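Student: I've never looked at this one before. Could you walk me through it, one question at a time?

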Amino acid sequence: MKGMLRNALRLFCLMLALAPAGASHALELVFFSRPGCVYCARFERDVAPIYLKSDEGKRAPLRQWDLSNGDSGDKLAYPVRYTPTFVLVEKGAEIGRITGFINDDMFWGLLGKMLKDLPPETGSAPARTEE
């Protein structure tokens, strides 16, 4: 009996660890891709492995969505037509977008600008400055 309970607890912990990023993060970066997209493959090769370990990746975890599967369920400002497209969402609603991928410098620069405009903790609204 104890062995079954222990195994059930291990399974539960494993399921939590493998849960999609959106299930536990209010802020995330949705990477819209499509099979055969050369620039998506370049992003996956050059940036995705680093992104997961970066400060940006910790603040807004990456969730990949294949456009072939239809709607991602997020509330977007307008439909995604081109891949790759990176949409910064908070609680499922779009708050920023990068369309296309040329190189990692472009990606990090544009993402950094989007994240800089958000409060450091919640990402719910642009940061306010006192004058």
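Student: How many disulfides does the structure hold?

Tutor: First, a word on the source: this is a predicted model, where local features need pLDDT of at least 70, side-chain atom pairs count only at pLDDT 80 or more, and totals for chains, interfaces and linings use all residues. Residues are numbered from 1 along each chain as its sequence is written, and side-chain values use heavy atoms, leaving out hydrogens and water. A disulfide here is a pair of cysteine sulfur atoms within 2.5 Å. By that rule, the number of disulfides is 1.

Student: What is the order of the strands in the open sheet?

Tutor: Strands are DSSP runs (E, at least two residues) and helices are too (H or I, at least four), numbered from the N terminus. Two strands pair if DSSP finds at least two bridges between them. The sheet is open, has 4 strands with mixed pairing, and its order is S2-S1-S3-S4.

Student: Which are the edge strands?

Tutor: Look for strands that pair on one side only. They are S2 (62-66) and S4.

Student: Why is strand S3 largely enclosed by the rest of the structure?

Tutor: Thr85, Val87 and Val89 point one way from S3, Phe86, Leu88 and Glu90 point the other way, and all are buried. S3 (residues 85-90) is largely enclosed because its buried residues number 6 of the 6.

Student: Which residue in S4 is the bridge partner of Val89?

Tutor: S3 pairs with S4 (residues 93-99) in the antiparallel sense over 6 bridges. S1 (residues 27-33) also pairs with S3 in the antiparallel sense over 6 bridges, and there Glu28 stands opposite Val89. In S4, the partner of Val89 is Glu94.

Student: Which residue takes a positive phi in the hairpin of S3 and S4?

Tutor: That hairpin has 2 residues between the strands. The residue with a positive phi, near 50 degrees, is Lys91.

Notes: Buried < 20%, exposed > 50% of the residue type's maximum accessible area, 1.4 Å probe, protein only.
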